[in-house]
Amino acid sequence: MAAAAAAAPFSLREVLDAFRRCVTEQREVLLEPYLSGWRGLIRFLQSLGAVFSFISKDAVAKVALLEGHQQQHGFVSLQSLVQHELAAGPAALRARSDSGCRTVLRLHRALRWLQLFLEGLRSGEPRTSVLCTDAYNASLAQHHPWVVRKAATVAFCALPSRDAFLEIMNVGSQEEAVAMLGEAIPYIGDVYSITQELFTQHKLLDLP
Ligand SMILES: CCCCCCCCCCCCC/C=C/[C@@H](O)[C@H](COP(=O)(O)O)NC(=O)CCCCCCCCCCCCCCC
């Protein structure tokens with residue numbers, strides 16, 4: 001029985017559900033479900049094939065760095081991580097290449113990509129590569145050098161079609177998958193806007 005449970009097929013529902021569990025009543029973003037959501041997204045990305053491994057490798061490294069910080073300092077929320085790192089002073093924070101803040105910022109920008117991409121999938125546009133490129137250009141692309149933008153755009157051409165995509169999400173019928181997206185997107189948007197506000201408030205949106 002345990003083996004059957006362990007082999008339960010991967011569903012994107014639980015992954016996106018993690019982002020719902022992130023936001024507390026005090027509008028804090030909890031790190032544990034945040035990182036758990038990212039781990040699930042990375043697994044999904046890895047299942048799409050080796051063309052995307054340069055992207056998943058970067059995401060894996062960033063999640064691992066944040067897990068390390070979380071374990072070392074016992075941070076519960078994004079807010080406590082930011083407070084802790086800011087205490088050393090803004091200049092010290094900017095000088096670090098391994099800070100939690102600059103790493104969260106990268107994932108935060110990628111979360112905007114995810115929000116836009118999922119909205120596109122939900123809208124019914126069949127060409128996922130177009131959806132993905134549009135979402136990317138409106139979010140992450142402006143922070144990436146030419147060579148990364150080029151590699152990303154080439155990889156997007158290998159994306160499965162919308163129908164196949166909705167299927168591998170493993171949420172049920174197409175209608176169920178679209179309904180699930182409709183439920184999940186606002187939670188992702190919530191995590192995004194709280195983080196955006198936090199980083200704006202502390203002038204961290206351009207951390208190198
Ligand atoms: C479904 C297709 C997935 C396409 C993913 C779209 C995002 C494209 C990102 C391209 C990043 C290329 C890799 C390199 C990144 C870094 O240079 C760059 C800067 O980092 P640095 O300042 O430390 O140097 N890193 C980043 O901007 C962080 C990128 C993190 C990308 C995570 C993407 C996870 C995607 C999860 C897909 C799940 C799809 C589910 C949809 C139903």
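Okay, one term before we start: a polar contact here is a pair of N or O atoms within 3.5 Å. Keep that cut-off in mind, and keep in mind too that this is a predicted model.

So, the ligand. Arg 102 puts an N or O atom of its side chain 2.9 Å from an oxygen atom of the ligand, so that pair falls inside the 3.5 Å cut-off and counts as a polar contact. Lys 62 also reaches a ligand oxygen, with a side-chain N or O atom 2.8 Å away.

How much of the ligand does the protein bury? Taken alone, the ligand exposes 930 Å², and 89% of that gets covered by the protein. The space the ligand takes up is the largest pocket.

Now, who's around it? There are 23 residues around the ligand, and the ones that come nearest are Asp 58, Lys 62, Arg 102, Arg 106 and His 144. By class, that shell has 18 nonpolar residues, four charged and one polar.

Which elements give two or more residues to the shell? Those are α3 (31-47), α4 (53-73), α7 (100-123) and α9 (146-156). The largest share, six residues, comes from α7.

A search of the whole structure turns up six aromatic pairs. Trp 113 and Phe 117 make a stacked one, 5.2 Å centre to centre with 10° between the planes.

That's it from me, happy to discuss.

Methods. Residues are numbered from 1 along each chain as its sequence is written. This is a predicted model: local features need pLDDT of at least 70, side-chain atom pairs count only at pLDDT 80 or more; totals for chains, interfaces and linings use all residues. Side-chain values use heavy atoms; hydrogens and water are left out. A residue is near a molecule or strand if one of its heavy atoms lies within 4 Å of it. A polar contact is a pair of N or O atoms within 3.5 Å; within protein, one must be able to donate a hydrogen and the other to accept it, and residues adjacent in sequence count only if both atoms are side-chain atoms. Accessible areas come from the Shrake-Rupley method with a 1.4 Å probe; for residues, only the protein chains shown count as cover. On a 1 Å grid over the protein atoms alone, a cavity is a set of points where a 1.4 Å probe fits but cannot get out, and a pocket is an open set with protein on both sides within 12 Å along at least five of seven lines; lining residues have an atom within 4 Å of a point. A molecule sits in a cavity or pocket if more than half of its atoms lie within 2 Å of its grid points. Helices (H or I, at least four residues) and strands (E, at least two) are DSSP runs, numbered from the N terminus. Ala, Val, Leu, Ile, Met, Phe, Trp, Tyr, Cys and Pro count as nonpolar, Asp, Glu, Lys and Arg as charged, and the others, Gly among them, as polar. Rings of Phe, Tyr and Trp (its six-membered ring) pair if their centres lie within 6.5 Å; planes under 30 degrees apart count as stacked, over 60 as edge-to-face and the rest as tilted.
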